[in-house]
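Please look over the sequence and the structure below before reading on.

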There are 2 protein chains.
Amino acid sequence: MAEHISKQFDMELETIRTRVLQMGGLVEQQILSAIDALMSGDIAKFDKVIAEDALVNSMEVTIDDDCQHIIARRQPAASDLRIIITVIKTITDLERIGDEAQKIARMGKTIYQSERYQMPRFREIRKMAEVALAMLRRALDAFARLDASAALELAEEDMRLDDDFAAELRQLITFMMEDPRTISMSIDTLFISKAIERIGDHSKNISEYVVYLVKGKDIRHTSLETIKRETLGH
Amino acid sequence: MAEHISKQFDMELETIRTRVLQMGGLVEQQILSAIDALMSGDIAKFDKVIAEDALVNSMEVTIDDDCQHIIARRQPAASDLRIIITVIKTITDLERIGDEAQKIARMGKTIYQSERYQMPRFREIRKMAEVALAMLRRALDAFARLDASAALELAEEDMRLDDDFAAELRQLITFMMEDPRTISMSIDTLFISKAIERIGDHSKNISEYVVYLVKGKDIRHTSLETIKRETLGH
């Protein structure tokens with residue numbers, strides 16, 4: 001990227017990229033804590049996740065602000081501009097992943113604080129969360145290394161996660177049918193698995209922005225076949 | 001905005017603003033059609049909504065592309081840059097509202113095509129949809145007129161819609177408890193009302209970008225009280 005007007009500018013871009021990865025790390029931690037709390041019923045941990053979403057939000061606002069200052073001050077060339085627009089979009093999805101972590105914590109707290117007829121079981125939820133977390137890590141890696149090939153993997157993983165959600169939904173409906181006393185808790189569990197499914201969607205979005213950044217091609221809303229062609233070059 | 005470098009540039013910005021409003025109109029129509037089909041059980045109409053989401057998606061990609069070309073070619077000053085960044089964010093939310101309309105159509109189709117023990121009742125859903133549609137129209141008006149005052153109204157309406165969703169959820173749980181045969185249809189109905197609740201969230205987001213555009217202040221993630229202060233100036 002020879003068109004950078006100064007080393008100072010390179011440093012500014014590098015700082016922003018580092019902050020995005022820090023924000024990603026925080027969001028990842030939020031999901032981990034929410035799922036941990038779900039397994040143990042740790043109310044204090046739920047509360048911590050709920051409270052720390054404000055930190056995720058403020059990181060988004062700060063990075064967004066920095067990006068706009070850089071564009072206005074530096075008037076970057078097209079390739080640098082693409083980096084900045086990619087950051088602006090990426091942090092929107094990271095912020096929403098943070099919201100989903102907060103939702104998981106809220107729902108979990110509701111489940112553990114309500115009178116329950118039986119202990120909640122979150123085995124499938126934990127499996128889904130592991131897939132979603134791996135997707136988020138992969139998307140952040142792709143962002144860090146400008147690796148366009150991740151988009152294909154994430155599109156496939158996302159379909160797997162959608163299937164897992166559909167399976168969880170069917171199972172919850174069966175539970176509810178068999179024993180209507182489980183309805184309330186099952187609905188809360190349903191929203192938790194929906195939140196995890198959305199974390200997968202947002203991670204996929206991030207990997208698609210990286211393709212745009214690297215290849216200059218917008219592959220959102222395209223089929224898996226086309227993504228394969230665009231990212232692998234065959 | 002005296003810093004525009006040319007009339008040509010003004011025209012380009014105006015064209016983009018017009019396209020955003022056209023995209024908003026299409027998304028509004030998608031919601032209306034999905035809700036209409038929900039009331040009448042019109043499968044062909046559901047299919048049309050599902051198919052036309054591709055049109056919403058392609059509008060987003062096109063406008064997004066145009067915005068990036070303008071930034072790269074015109075190197076706009078800060079105030080014009082704010083307009084363009086606002087457009088990029090607004091169309092992301094419009095595209096997601098389109099997704100929610102498509103989800104409503106998919107769920108509605110599932111309900112009408114499954115063997116049902118009783119006719120679905122969508123009276124509350126329709127009421128919620130009317131609130132969400134009014135929010136979307138208000139947000140688009142605010143965008144067209146650069147009206148920062150809408151954000152406060154929309155924040156309040158959004159809280160009302162969240163309450164409506166909570167009430168609908170409680171009612172659906174009651175139905176399911178009383179008669180487990182309604183569980184499957186109730187879950188589909190629950191996802192429809194969740195989709196409508198999200199349309200409200202996205203409309204609120206759009207009105208917040210307008211505040212940023214007009215006042216240069218980012219009011220996302222702030223309390224209603226603070227929004228009141230920032231947008232009304234007292």
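Helices here are DSSP runs of H or I with at least four residues, strands are runs of E with at least two, and both are numbered from the N terminus. On that basis chain A has seven helices and zero strands. Along the sequence the pattern reads α-α-α-α-α-α-α. The model is a predicted one. Taken along the principal axes, the C-alpha atoms of chain A fill a box of roughly 65 × 40 × 20 Å.

In an unreviewed entry, UniProt places the feature "domain: PhoU" at residues 21-106 and 125-210 of chain A. What do these two spans look like in the model? Residues 21-106 of chain A are 94% helix and 0% strand, with the end C-alpha atoms 25 Å apart. Residues 125-210 of chain A are 91% helix and 0% strand, and here the end C-alpha atoms lie 28 Å apart.

Next comes the relation between the chains. In general, two copies of a chain are related by a rotation about an axis and a shift along it. Chain A is superposed on chain B by a rotation of 180 degrees with 0.0 Å of shift along the axis, at an RMSD of 0.0 Å. This is therefore the relation of a two-fold axis. The same surface serves both copies, as 100% of the contact residues of chain A recur in chain B. Which residue of chain A comes closest to the rotation axis? It is Gln75(A), whose C-alpha lies at 2.9 Å.

One pair joins the two chains. On the α5(A) side the contact is made by Phe165(A), Leu169(A), Ile173(A), Met176(A) and Met177(A), and on the α6(B) side by Ile183(B), Ser184(B), Ile187(B) and Phe191(B). Sorted by class, the residues of this contact are eight nonpolar, one polar and no charged.

Within chain A, helix α1 (residues 7-40) and helix α4 (residues 123-145) have axes that come within 11 Å and cross at roughly 175 degrees. Angles over 145 degrees count as roughly antiparallel, so α1(A) is roughly antiparallel to α4(A). Residues of α1(A) in the contact include Leu21(A), Gly24(A), Glu28(A) and Ile31(A), while those of α4(A) include Arg126(A), Leu133(A), Arg137(A) and Leu140(A). The contact of α1(A) with α4(A) has 15 nonpolar, one polar and four charged residues.

Within chain B, helix α3 (residues 78-113) packs with helix α4 (residues 123-145) at an angle of about 165 degrees, their axes 13 Å apart. The pair α3(B) and α4(B) is therefore also roughly antiparallel, and the crossing is left-handed. Thr86(B), Val87(B), Thr90(B), Leu94(B) and Ile97(B) of α3(B) meet Leu136(B), Leu140(B) and Phe143(B) of α4(B). In this contact of α3(B) with α4(B), six residues are nonpolar, two are polar and none is charged.

Key:
Residues numbered from 1 in each chain as written. Chains lettered and ligands numbered in written order. Predicted model: local features only at pLDDT ≥ 70, side-chain atom pairs only at ≥ 80, totals over all residues. Heavy atoms only, no water. Contact = heavy atoms within 4.5 Å. Nonpolar A, V, L, I, M, F, W, Y, C, P; charged D, E, K, R; others polar. Least-squares fit on C-alpha atoms with pLDDT ≥ 70 in both. UniProt positions renumbered as here; feature names shortened; annotations may be inferred. Axes fitted to C-alpha atoms, helices over the stretch in contact; angles between N-to-C directions. Parallel < 35°, antiparallel > 145°, perpendicular 65-115°, else oblique. Left-handed = near helix turned anticlockwise from the far one by under 90°.
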